[in-house]
Amino acid sequence: MNRYPLWKNIVVAIALLLGFLYTLPNFFGEMPAVQISSARATVKVDQATLQLVEDTLRQSQIAARGVTLDSASIKARFADTDTQLKAKDLLQNKLGDGYVVALNLISSSPHWLTSMGALPMYLGLDLRGGVHFLLEVDMKAALVKTMDRYTADIRSALREKKIPYAGVSRLPDQTIEIKFRDAETRGQAMNELLKSMPDLLLKESEAGGEFKISASMNPQAQKKSQEFALQQNITTLRNRVNELGVAEPIIQQQGADRVVVQLPGVQDTAKAKEILGRTATLEIRMVDDEHDINAALHGEIPFGDDLYTERKGSPLLVKKQVVLTGEYISDAAPGFDQQTSEPVVHISLDGRGARIFRDTTRENVGKRMAILLIEKGKAEVITAPVIREEIGGGRVQISGAMTTQEANDVALLLRAGALAAPMEIIEERTVGPSMGAENIAKGFNSNIYGFIAISLFMVMYYRFFGLISTLALSANVLFLVALLSILQATLTLPGMAAIALTVGMAIDSNVLINERIREELRSGMSPQAAINAGYERAFGTILDSNITTFIAGTALFWLGSGPVRGFAVVLCLGILTSIFSAVVVSRSLVNLTYGRKARLEKVSI
């Protein structure tokens, strides 16, 4: 009656063993490390790189507590932060600009645990320390960039169909005006644009002998463009964070135009802010050498032009029409000019960008081309060389009084991807490691004290069955932590609160079982029958109560965000583990204790 078959006991034993093994890595803590990853698409991190890192550290007599190679990076662990900083500077100088050498913190669990996939939970920003940024996307600028792209696409479409036009320009009210010399040509262009650009609202007009088409984006296309800008910026931020070598960053949308970035464990916070805060995008435009620069300096800037100052200090008139943007960049790497030896950035364009650049240079031989770097809404002309010949192959070199560090940073920003719209940091918070350690201590102590209080009450009130309930509760915590470790979940302070809540709620199932056994004994049932009836008849109530809580946790996950969702995940997982530990594990212990006795006169409850 109260005996489990052998296979059930084996399942419980295996579950407890796996729970212990996958929980164990969380007790080893973290140690300082240096992470080496590729800075270019053409540079690979392989076994040869690993050997070079090991040889470099050995020759400099820097002791590493293990150097490992995974799919995308090499991680070298050290005993303290001083050794970590020395190793970072040494490896960066040795490996050169082709690699990103970043500071990190990684688990110090032994290799035999890591090899079987037993890894610790990641700690969130409030437990580990790090930086929190809230960035706002300039949605108006996103629409401006989209209209600029449509302006270039309209020119290309009309040119391909050999439809002559008198001019294409973007007006301040975010409409595109296309001029023609006769109504017949305008009609041909209207038909072509209706077919090729369905997202534009087109309107014909006539004034002063000019035939015009006004084009604007429909509301659905505007919304789609803004959503694309937000998602593109999130993707770009993820690429930049990967360059920093941050483990388990949190990058997510907040509202319609904001992005939250949390970087747990980041040690170089100034560098993180610099890389994330910079919103460098690249634009290539043609220089207007036809108009008088002196008149422009006195405020008479020609329509369709912008006035900038080169890095060398000379003023420059640049056309507003954008030839190429950073979205066509496939790779960017710092380097040095072969003739002048000054720092430069080598850029590789994708197929479409290479074609546009080749056609533009072929049509404008002898004219000047300006390369602009735009950061935080401010554009700067890095260089404006004269086009000597057609440039094919998609290779572009940016130079212009840059330092080596600036060339590295610009290459990183361009390589990580172009921002679809400018972003600005509107909120910044830093959580120090000491505060994170204090949160961990408080969260851990709250769970320990709560567990001890519950255990003392159960043992005093239910005696031996209370002890079994305490062991089942311990198994529940073991299973929950192991499950979170297997899923590589990020544990935050709300997550620790959910663990404490799970501990408090999980004991309810054992209370129901124990009270049911007591009732059956009072009604005159034999001890063996009372134990069996206690577990069988309490199961329905246990299931009902946990299902209702699970539904509440699912609603929190569905409707909540950030910390609320983290709380909900831990709560729902805790419900699943508590049912298994309270019903299966505790009954297995009871069966092993009382099930072998054919005649049981009394139970301690």
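Let's start with lysine 179, which comes out as partly exposed at 26% relative accessibility. Keep in mind that this is a predicted model. Lysine 179 pairs up with glutamate 177 in a salt bridge, with the closest N and O atoms 4.0 Å apart.

Elsewhere in the chain, arginine 358 and aspartate 359 join side chains in a salt bridge, at 3.5 Å from N to O. Arginine 358 is partly exposed at 30% relative accessibility, and aspartate 359 is partly exposed too, at 26%.

Now hop over to helix H15, which covers residues 493–522. Here glutamate 515 and arginine 518 form a salt bridge, their closest N and O atoms lying 3.9 Å apart. Why are the two about one helical turn apart? Because they sit three residues apart in that helix. Glutamate 515 is partly exposed, with a relative accessible area of 23%, while arginine 518 is buried at 12%. Back at the opening pair, salt bridges with shared partners tie Glu177, Lys179 and Lys212 into one network. Across the structure there are 15 salt bridges.

Glutamate 206 is exposed, with a relative accessible area of 54%. Setting aside neighbours within four places in sequence, glutamate 206 is in contact with Arg186 and Phe211. As for aspartate 182, it is 24 residues from glutamate 206 in sequence, and their C-alpha atoms are 9.8 Å apart.

Conventions. Residues numbered from 1 in each chain as written. Predicted model: local features only at pLDDT ≥ 70, side-chain atom pairs only at ≥ 80, totals over all residues. Heavy atoms only, no water. Buried < 20%, exposed > 50% of the residue type's maximum accessible area, 1.4 Å probe, protein only. Contact = heavy atoms within 4.5 Å. Helix = DSSP H or I, 4+ residues; strand = E, 2+ residues; numbered from the N terminus.
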